[in-house]
Amino acid sequence: MNYFEVFSLPQKLAIDTAALEKQFYTMSRKLHPDRFASRPAAEQEAALRQSSLLNDAYRALKDPILRTQYLLKLEGVELEEQSKAATDQARATGVEKKQVVPPELLEEVFELNMQLQEMRMAKQMGEDEPELRRDLMTAKDAFDARMVETQAELEGLWARWDLAIDDGDEAGKASARDAMVALLNKRSYLRNLARDVNEALE
């Protein structure tokens, strides 16, 4: 049973989270361990498994990013940051897992990496570079703003996906799915850039 099925929901992305929360608490009460305290061990274990599945499903579906990632996983898509093969290779070699730079960020990322390198060298020398610090803060603010923009873009893609589901439009589903993959990979990359800037500014 997948997470959508746990709540008897279609595999759509626009979800009434208030209704989801209400349903979660109703279902949780029915599976509470106290209700099964006098039942046979097999029934207690089954209730525990169901409760665990319910909790996992709720956590994934209430969060818009996790929900999208989960649906993509059901569609057979493995996002860059979740790729097990890439993670295993990074772990085995000790090399940080590489992410593909979104084409529209190439120039900015090149400039930012130069600034980060300068800041790291300045810190090693025990020097402060106020102008460089300001530039990095400006870059971080820009990345944070783009992170906010990705949420609006994502919601637009949800609408495209849900409409394609309603219409039985396989081409529309594929188009929305591919756009969501690209957007989530971009979002992950932006988040990592913001983290790198924060570390350099500490």
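**A walk through an all-helix chain**

K173 forms a salt bridge with E170, and their closest N and O atoms are 3.9 Å apart. A salt bridge here is a side-chain nitrogen of Lys or Arg within 4 Å of a carboxyl oxygen of Asp or Glu. Both K173 and E170 sit in helix α8, three residues apart, about one turn of the helix. K173 is buried, at 14% relative accessible area, while E170 is exposed, at 56%. Buried means under 20% relative accessible area, exposed means over 50%, and partly exposed lies in between (1.4 Å probe, protein chains only).

The model is predicted: local features need pLDDT of at least 70, side-chain atom pairs count only at pLDDT 80 or more, and totals for chains, interfaces and linings use all residues. Residues are numbered from 1 along each chain as its sequence is written, and side-chain values use heavy atoms, with hydrogens and water left out.

Now step back to the whole chain. It has eight helices and zero strands. Helices (H or I, at least four residues) and strands (E, at least two) are DSSP runs, numbered from the N terminus. Helix α8 covers residues 170–201. It reaches 47 Å from its first C-alpha to its last, close to the 46 Å expected at 1.5 Å a residue. That expected span is 1.5 Å times one less than the number of residues.

Next, look inside. Buried residues make up 34% of the 202 residues in the chain. In soluble globular proteins, nonpolar side chains tend to be buried together. A nonpolar core is a set of buried Ala, Val, Leu, Ile, Met, Phe, Trp, Tyr and Cys residues joined through side-chain atoms within 4.5 Å. The largest such core has 31 residues, and F7, L61, L72, L154 and M180 touch the most other members. Helix α3 gives the largest share of this core, six residues. Apart from it lies another core, of 16 residues, including L132 and L193.

Return to the charged pairs. The whole structure holds seven salt bridges. Side chains of opposite charge can pair when their charged atoms come close. R59 and D56 meet at 2.6 Å, N to O. They are three residues apart in helix α3, so about one helical turn separates them. R59 is partly exposed, at 46%, and D56 is also partly exposed, at 29%. K140 and D144 meet at 2.7 Å, N to O. These two are four residues apart in helix α7, so about one helical turn separates them. K140 is buried, at 16%, whereas D144 is partly exposed, at 30%.
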